[in-house]
Amino acid sequence: MKSRPARLLPPGGTSRARRVHAMTRRQLLRGVVAGALAARGLASEPISATSHAPAVAVAPALAGQRTLGAARWATLRAFALVMLPAAGNLPGAEKAGAIEYLKQALAGEYAVFLGVYRRALDDLEALARRQGAVSVARSASAFASLSADRATLVTRQFAAASPRDFAVLRQHVLEGFLADPVHGGNRDRAGWETVGLVHKHKE
Amino acid sequence: MRDLPSQPAAPCLYTAVVATGDSTSVCIIGSGAAGGVLAWALARAGVDVVVLERGKPAKRDETAEDELLQVIRRSHQPPVERDGTVVVEPTARAEGEPTRVGQAYYLLGGGTILYAAASWRLRPDDLRKRSRYGTVPGSELVDWPLTYQDLEPWYTMAEKEIGVSGKSGADPTEPPRSFDHLMAPLDEDPFSARLAAAARKMGLRPFPIPTAISSRNDAYLGTNQCQYCGWCSGYTCLFYAKNSVDITVIPKALKTGRARVLTDSYATRIETDPRGRASAVIYRETATGAEKRLAVGAVCLAAGGVQSPRLLLMSASKQFPDGLANRSGLVGRYLMFHIEGRRTAVFDQAFDFVLTKKVGVHDWYFPAKTDAWINHCSIQSGSRRGPLRFALSREGWGEDYEAALARDFPRTQQLQAMVEDLPQLANRIELDSGRKDPEGYPLPRITHRYHEMDRLALVHSQERMGALLQAAGGKLVDTAEAHTNITGAYTYHLMGTCRMGTDPKDSVVDRDCRFHDVPNLFVADSSFFPTSGGLNPTLTIQANAFRVADYIVKHRKELGG
């Protein structure tokens, strides 16, 4: 395989490219994306979210209740680890920053999905309790207390019963694994490293 | 007689247009491949122009190489809930949900900001389908009223002004050219080298795809040398190496002092005077909601194959009850996409991530005499998916899924086919009587079904691509039938909806892209294409825009400019 010679950017290109990175993409995104996406009622095409995002009552109904609560977060964390468990060289959702991504996304651009999350996580929880995790306190997550095998079984049931909600949650976990770290996930580019992606200008 | 259902009359929606007293010689609607070139070609000839662009300047730097923003959230396009298009097959029983099919990019520079930048000259036979293949039942094949020789000098001009990298003479179907490519082709990457070697072993003649990506710094173009980051198709270029019109020609147009570009300006109506000439463009300032009136000497549509005819249909009046310049009833008809075929294979080797069109195979571009189709088909490399899209396209979850991502993503490669879509009268865009955008203007509605030959040609291309990938050592992970379903087969190439021809009964614009019915109204986007060829259309749009601009300059007095 022929190795490519190192390339030199021209003066204009160098300064422009460097300036972009020096500005920190997060600064730029904060204004640009948050405003634009919130105004647009964001939906991501791969999950055909048209039936999701607009159906969720957006800002007014959510004012004052913009968090999921500790039990639901525990369920969501456990769900993310069912999607992407840590094993061997595989970092799993938590180490790769997917949970942090979800936190940031749900506090910002994806606040429109909070209704979906509440419904989905409550469904998961109900299924978990039906699977025998009834002794867990109401204030805690029964789903998070399940063994890996049982959590997998319950997740299968959930995916079959609520395929659209499942698709939303699954997609967002994968986003937290593989999207640009500027969005809060993919910690230390762990997702990209897992799939062998060398992002030449983001190292 | 053709069966032409009447278009729903467009309501007159504007009530409080601001009479600004503003005027220009030529108003260009849209700032993409066509609009950018028109602005530059007219302004440098001393013609005053105003470009109305619905979108904003691209947030190039912030979004470059960001798959989540560009491909998943599509931050450069309006959301589907706001501006989606309903697509129906003529025989469909139920309508689907609105989709992005038919949407243009609302950006200064239009699709050239994000395109893969493949920059082809159409082949002489692309322009004379009727003469070459005769009649085809179910398709209204025609010859273009132009030959390749007519277009050749304009292709040369476009290649110089936009900046095309390539290797002349390498493509076995390349037509004669008076000028070599401006720049050498981009370097091969390991996958394209492997593919090319396998193709040569099969007796084929692979070649570097001509692209509007700079293989060297170019001060005149204002572009930098490609840094081979791999994030080309579908992404803004961080390094200003993709020669989009907002870098190459629009800045030069602005420098003349003759051109103004108004972004966030949504053209909603073209007015005519009592003589039936375009006299003003009404546009809406997105930021303020104010509707403004721009008096014009001439108008050039460059908003794309869906939005240009939509604007004409929205401009219906007493003089033009079926839509402006639509006495033929053909505005919006003959809508053509390219059919995008894809084959996927997994290899024993991990490859760098490259979303750049590098290697083409055209040994099967023209059909054999024994083939049951007449479509022209290009096969191209460089259409991989980013890691997130790749992950989302695969079913499953859990440890095995995660391990499969890790194993397969760097080893997976795709080929893409660009298959010609034969023109059909019934394939059309019209105004959706039931759906309006938030400003109250009717959204477009697309009716489209592929011709049987389109499907045959697509499956054939799928098989050929499969053979190529296998010859290169790949293990196919899809079938030839994949992607032949209607929803998976569209591209962003939107062509044919203001058909060019000599007879006003059978076409919408003349050979100079001037509307038969309105003498100071032109179209320069791919709406004018009478047939679609099997190649990405951008360079042809740009070459023709230089030609149209030349016509306008030469006839500026009679046009009122």
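Hi everyone, let's begin with Thr236(B), which counts as buried because its relative accessibility is 1% (buried means under 20% relative accessible area, with a 1.4 Å probe and protein chains only). A word on the source: this is a predicted model, where local features need pLDDT of at least 70 and side-chain atom pairs count only at pLDDT 80 or more, while totals for chains, interfaces and linings use all residues. Residues are numbered from 1 along each chain as its sequence is written, chains are lettered from A and ligands numbered from 1 in the order in which they are written, and side-chain values use heavy atoms, leaving out hydrogens and water.

So where does Thr236(B) sit? The loop between strand E6 (207–208) and helix H8 (245–248) of chain B holds Thr236(B); helices (H or I, at least four residues) and strands (E, at least two) are DSSP runs, numbered from the N terminus. The side chains of Thr236(B) and Gln70(B) make a polar contact of 2.9 Å (a pair of N or O atoms within 3.5 Å; within protein, one must be able to donate a hydrogen and the other to accept it, and residues adjacent in sequence count only if both atoms are side-chain atoms). A polar atom of the Thr236(B) side chain also lies 3.4 Å from the backbone nitrogen of Ala64(B).

Now to helix H7 of chain B, residues 190–201. Its buried residues are Phe191(B), Ser192(B), Leu195(B), Ala196(B), Ala198(B) and Ala199(B). They lie on the same side of H7(B), because they cover an arc of only 165° around the axis, taken from the directions from the helix axis to the C-beta atoms. After H7(B) comes Gly203(B), with a positive phi near 85°.

Note on methods. The expected span of a helix is 1.5 Å times one less than its number of residues. Buried means under 20% relative accessible area, exposed over 50%, partly exposed in between (1.4 Å probe, protein chains only).
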